There are 2 protein chains.
Amino acid sequence: MSDISITRLETGSANFAQSLDAILAWNEAEDAAIHSRVMEIIQRIRKEGDAALVELTRLYDRFEVANASDLELSPDELKKAWEGLPSDSAQALMVAAERIRLYADRQKMESWRYSEPDGTVLGQQVTPLDKVGVYVPGGKAAYPSSVLMNAIPAKAAGVSEIIMVVPTPGGETNPLVLAAAYLAGIDRVFRIGGAQAVAALAYGTATVPRVDKIVGPGNIYVATAKKLVFGQVGIDMVAGPSEILIISDGGTDPDWIAMDLFSQAEHDEDAQAILISPDRAHLDAVEASIRRLLPTMERADVIRTSLSRRGALIEVRDLDEAADVANRVAPEHLELSVEDPESLVAKIRNAGAIFMGRYTAEVLGDYCAGPNHVLPTSGTARFSSPLGVYDFQKRSSLIFCSRQGADQLARTASVLARGEGLTAHARSAEYRIVESP
Amino acid sequence: MSDISITRLETGSANFAQSLDAILAWNEAEDAAIHSRVMEIIQRIRKEGDAALVELTRLYDRFEVANASDLELSPDELKKAWEGLPSDSAQALMVAAERIRLYADRQKMESWRYSEPDGTVLGQQVTPLDKVGVYVPGGKAAYPSSVLMNAIPAKAAGVSEIIMVVPTPGGETNPLVLAAAYLAGIDRVFRIGGAQAVAALAYGTATVPRVDKIVGPGNIYVATAKKLVFGQVGIDMVAGPSEILIISDGGTDPDWIAMDLFSQAEHDEDAQAILISPDRAHLDAVEASIRRLLPTMERADVIRTSLSRRGALIEVRDLDEAADVANRVAPEHLELSVEDPESLVAKIRNAGAIFMGRYTAEVLGDYCAGPNHVLPTSGTARFSSPLGVYDFQKRSSLIFCSRQGADQLARTASVLARGEGLTAHARSAEYRIVESP
């Protein structure tokens, strides 16, 4: 048996709302010192370009090159990494990549138009972004699956150039990551990281091309840099700790549920794993499984801390109430480990990804089911969506007015423009009126 | 003749790229004093709620109420404003609202699913945001058209509650704005503004409901507050000065082009109006029209300043090169004032809205063509899109694995998880393998 205390809550208790809020609370500390250091790095890259990039890479990554061009990996090096993979890894990555691509293709937005009787045409023209930067962390958080999840939707959107940056501390490259880059069809790879890599992608240097959007996870320096360059380039979300919320009707093997909670909790000590059930005996059984299985886990310490600090087992009156709690939490990952997931999913409004049925462990979605594993965290699923092809496409409105159509619209526009006191607007419209009104 | 100097550029000249960059340069100054004042206001609203809201509204808007509930306008007051409109304004607003709604309906995203042979189902569930806040500025920049453009797509998306905030300095309401709110079907209106209104919407008070996303333009305090509450709620873009870029083949009446440039320039002194043409004589003619028409304009001073400071007439070799320049600028509004706009539009990758043909003045899109007038500015059309229904919808990924499907995916996930050193992930997957591999 393992010593772990995990919060138990009941929706029926008077202070449930506050207790839940306390468990969910997550405030990324705004660190003024980090902010100003990152600002400084961005300014240096903008002013000194390649020279600063080489110097900062030497300083922070202990990786020294003679010229900025030496920071780039050749296509051959990527190919070699791919060819050096054990065959089971290569096979698994290929399966994952193919499924991610198939799902991404379904998300692709198409241009459309419609015509009005007077010949006026309205529409929406969809185009891919020109250039995209993918940030990949170095060191222990370097996940080949993240390379696939960030790059494949960009590729599916038709982005013409995908540029990956990955720090190689001490000069050490991660063959799995490079192999994934090869498989995903990334165009260029630079061995840079941190705020300096983000700044180089946002503003461009002689060696690193300026991109239109930067995606991918990173540490607090990377996240801060992304926030600061936003507007100059697009960025994906700035992610908080990873979360899972499981709704179980009591019919799933408690060991399965415990392990699903662990799979989230093992990410890091701030990760959040919550189980909701109307079945108190089931909650007890899962708690027992947690105690029994925890000592067998390689990352037991991280799991224990995460579950003690931010985990919870919540007893609800019924599955409808479970759905209400889920909508309030708006979790990144939501498992519906129930007999009839269809009727429950219809009640879910806020969740990044929904895993339906007892067999659909979140981990299957993390790697290879197809949908993206880059998902909104910290309740942002209330207003945002998984990373997808649509994040690498943009829309332009199209308006073509026939002579007659312009005449009609101009009369309306003229009244509204004069109502707003904008007379140049009004006169510009009135030039398009065919006969005087 | 009027004294105005407007920059002339030629793509053929050696320093064209730098000159263009200089004209386009726009850096919103980060004002540390404003930043910390806004932070303070947000903290006060979070801590003191309604009491702070009443006090700050008295202080900044010179509008005093006994209770926070007096800050809300009744549905009756909105209805009265609508009924009090002159009939031509009412008619014009109705035409605009109807066209905006028709276009918005086309943008609506639908849920989808697909099944695999082993019974696994993948999909995307689309749901509307629950609650949305619309910020409407008070005073001179209060545009009823903006109320329609921000609220109607939210309504079309199926948002269940739309809450408008609008400051009423000195207690004075704007009947046009209230009438537009009535027409757009806004659910609740509060007479509050500034950072305090943004904070109230983001965190909620006893009187003002917490929303999931805040949209709508505002001054630097509002913009700063929106940036600071981002993450707690969604926000739309933070807009820079408005811009138009016109490509003319020389065949459009120079007076029309001049007035189209004016219609952008009259917004404010930082607005940007640029004309591109391969026809030097046409550029001269437009410049002459500008000089001749400028003294007849009510907002001549604003137009003169804006055109002198940020305007440009650019001579290009041909229309292909004009498209290249447009893609580089990525303008908010792009007029293709040419004989064959179809062949030109196919070359445009970066633009918020594209106005095709000589009759399609930008102003028609500003008010009533149908597409949204909230558009990406300052080159952000490289990676972002007009405000649309999709901004008020979100997606959740759906994954349902059949027993057999889970078995297959689990084998792949297990290999990848072990490759990444995540053994709880691997074991969670392995529980779903039907027979041992």
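## Ground rules

Residues are numbered from 1 along each chain as its sequence is written, chains are lettered from A and ligands numbered from 1 in the order in which they are written. Since this is a predicted model, local features need pLDDT of at least 70 and side-chain atom pairs count only at pLDDT 80 or more, while totals for chains, interfaces and linings use all residues; side-chain values use heavy atoms, with hydrogens and water left out.

## A sheet across two chains

Nine strands make up an open, mixed sheet, in the order S3(A)-S4(A)-S15(A)-S14(B)-S13(B)-S10(B)-S11(B)-S12(B)-S1(B). Its edges are strand S3 (112-115) of chain A and strand S1 (7-10) of chain B, each pairing on one side only. On average, neighbouring strands here are turned by 20° against each other, direction ignored; the axes are lines fitted to C-alpha atoms, and angles run from 0 to 180 degrees between N-to-C directions.

Strands are DSSP runs of E with at least two residues, helices are runs of H or I with at least four, and both are numbered from the N terminus. Two strands pair if DSSP finds at least two bridges between them. Strands S11 (residues 272-277) and S12 (residues 312-315) of chain B are parallel, with four bridges.

## S12 in chain A

Over in chain A, strand S11 (residues 272-277) runs parallel to S12(A), joined by four bridges, and A:Ile276 has A:Ile314 as its bridge partner. Strand S1 (residues 7-10) of chain A also pairs with S12(A) in the parallel sense, again over four bridges; there A:Thr7 stands opposite A:Ala312.

Both faces of S12(A) are covered: A:Ala312 and A:Ile314 are buried on one side, A:Leu313 and A:Glu315 on the other. Buried means under 20% relative accessible area, exposed over 50%, and partly exposed in between (1.4 Å probe, protein chains only).

## Chain A in numbers

Chain A has 17 helices and 15 strands, and its C-alpha atoms fill a box of roughly 85 × 60 × 45 Å along the principal axes. Of its 437 residues, 61% count as buried. Among contacts (heavy atoms within 4.5 Å) with a separation of 6 or more, 73% link residues 24 or more positions apart.

The accessible surface of chain A is about 16,200 Å², 49% of it belonging to carbon and sulfur atoms; areas come from the Shrake-Rupley method with a 1.4 Å probe.
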